[in-house]
Every structure is written in structure tokens, then in C-alpha cells.
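Visitor: I have a structure to look at and would like to talk it through. Can you put it up?

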Amino acid sequence: MTDSVLSVRGLTKHFPVRRGLMRRQIGLVRAVDAVHIEVAPRETFGLVGESGCGKSTTARLISRLLEPTSGQVWFDGRELTALSNRRMRPLRREIAMIFQDPYSSLNPRHTVGTIVGTPLRVSGSRPPQGRRAAVRELLELVGLNPEHYNRYPHEFSGGQRQRIGIARALALRPKLVVADEPVAALDVSIQAQVLNLLSDLQAELGLAYVLIAHDLAVVRHMCDRIGVMYLGRLVEVGPAAQVYARPRHPYTVALLSAAPQPDPARRGGRHRVPLTGEPPSPLAPPPGCPFHPRCPHAEQICRSLRPELVADAGGHAAACHFPRNTPGSPAPVPAP
């Protein structure tokens, strides 16, 4: 994808495991392992998977909040991983992050005006109308009362706090926003409001999103393309409609079959695909395909040879020796 605003190539993050008085290294946790991602301008790319699969670590690597072990992150034609902290500072204006927990991500001792205005102050930005007026405009942009400028976070509900976090992320008008489960900590009744706000802001400001989520309904509603992660690796990537209608990796099939279906009329054609066991430890991943210990279709080749992520002409890729829902495979699993 030549016009990508974000291009992640072979991104890898290993955390050393140390033990004993001398803190000797006894192993590595392979949190993220050779991940490739492309995000176009104004596109929403979703990352889904079980807890501990590496989604949030990937988000922090993209934002340069963590340093990668290897791999490259290209943003708007510039390689971020090759930049020093000093040279990276100007680019931080263009990449923002929305955090999962609106309660812990806001400083309780600062007013809303100070929190939202901090990016302007730290970057040295001087809006023509002044910082105070710019912060009020940001609060209004995310659906908050500008008169709440001097209030503290504890005076707001969870949904309002997340709107404050969104306003802070948009303070410097970024091109890319990395949203790490932005509605996971909110009541279901509030989630739709925040998601619709993010959609409206994307249309108005021309934003690109990397959306981290575990809720498949959220991902389906928001995303243009989806990447499914398992044990630090991408096992399926493709347009959202194709991934939901014809999932190819057995792990994706199992995830979609487990999603709750609130409409009783649509439950009849669905069947649950059970997964036995627990995800392997990233400290000692299994040889071959990392999913083979839990896969109901695993054969000998899966235990010895790791499959590569292979895409078809439509850009739908799966890292599986025996992909599902392809010509000659079993019938497609109905999407939730």
C-alpha cells in the first residue's frame, strides 16, 4: 500500500525474563512477533484477539511509547524507529493515543483545562485564539460544555472522562490516532455514543485510526480492515466484511462463533466452535503454527512448520496451512 499513513514492517518486541540475585536472563517473552500492518489515510484498522495476545504492546510500539526489539514503523514516509527522542518530538504532534481507562489516564489533581491544554503547552503551540479558547473549542468538539474548563476529572462520568481523553488526543490535530480499547471500561449504554463520536471526528478531521478491541461488535461497526492477533502474531488480515463473512483462520472462526447474538432469529444457523486448552505461554511458544495445540484441524505439518501470512487478490490473508471458507473447504460460518 504505497499511500499508507502508517506502515509497520516486521515489528517485534521481546521482554527479557530475569531471575535471581544477579538478575540473570533466563528467557524472553515474545510479546509481539514480526507484525506487519498498513493503514491508509482516513482508514480504521482494527486489532482483535484474546487478552495477552500483544494488541496493547503493538499500540505502544506504534506510538513509540515502547522501543521495539526489531522491525520498522513508517509514518507518513518517515521511519520512526530510526529517530532519536529529540528528532521524534516534532512527530509526536501527528500521532496521538487514547487510553483504555478514563479513570487512571487523567490526572485527578489537574483541571480539565490543564489536562486538555497540556499537549499545546508541551509542544510550544500557540493557537491564534489563545490556548484557553483552543481548549474550550476542543471540549465543545467532543460534546462537552466549554464552561467545564475549571472542573476536575472526579466531577465527570466515565463517558465524559473518555471524551476529555479524546479532546486531549486531538489537541495538536494528529493524522493518526491509536485507540487502545477506548470503550472497554464504559457502560454499554455509553459505548455507542463514544464510538459514534470517534466516527464523526474521523469524518470531520480526516483521521486514521488503529483501534485495539476485544469486542467483535465494536470492531465490525468501526473498522474498514481487521487484523486478528494470536500469541503476538497476526494470523488473519483482511477487509472487515470479508473477515466476518468468510473467516479463514480457525482461530478467527472460533472467535466469531463465540460472539453473542442478541437476535434469536439469527441464532439458528450458527454453531459454536469450541477451543480446548489455554493459549500457550509467550515465554515458550510451540513449534510450527502457534495455534496448533488448540486447533481442531491441526495436522503434522502444523506442528513442525510455521505458516506464513498469505494474501489473495482481494487482500484477505491468513497464516494457516488449511484455511477455512476457501474453495473446496467447509461452508462459511455465519457472521455474528
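Guide: What covers the buried residues of helix 6 includes strand 3 (44-48), strand 6, helix 4, helix 5, strand 8 (208-212) and helix 7 (216-222). Buried means under 20% relative accessible area, exposed over 50%, and partly exposed in between, with a 1.4 Å probe and protein chains only. Covering goes by contact, meaning heavy atoms within 4.5 Å. Helices (H or I, at least four residues) and strands (E, at least two) are DSSP runs, numbered from the N terminus.

Visitor: Where does the model come from?

Guide: It is a predicted model, where local features need pLDDT of at least 70, side-chain atom pairs count only at pLDDT 80 or more, and totals for chains, interfaces and linings use all residues. Residues are numbered from 1 along each chain as its sequence is written, and side-chain values use heavy atoms, leaving out hydrogens and water.

Visitor: Which residues of helix 6 are buried?

Guide: Gln191, Val194, Leu195, Leu197, Leu198, Leu201 and Gln202. Seen down the helix axis, they fall within an arc of 155 degrees, so they line one face of helix 6. The arc is taken from the directions from the axis to the C-beta atoms.

Visitor: And what is on the face turned away from the buried side?

Guide: That face of helix 6 carries the exposed residues Ser189, Asp200, Ala203 and Glu204.

Visitor: What comes after helix 6?

Guide: Gly206 follows, with a positive phi near 70 degrees.

Visitor: Now helix 5. How many of its residues are buried?

Guide: Ten of the twelve, so helix 5 is mostly covered. Its cover includes strand 6, helix 3, helix 4 (131-141) and helix 6 (188-205).
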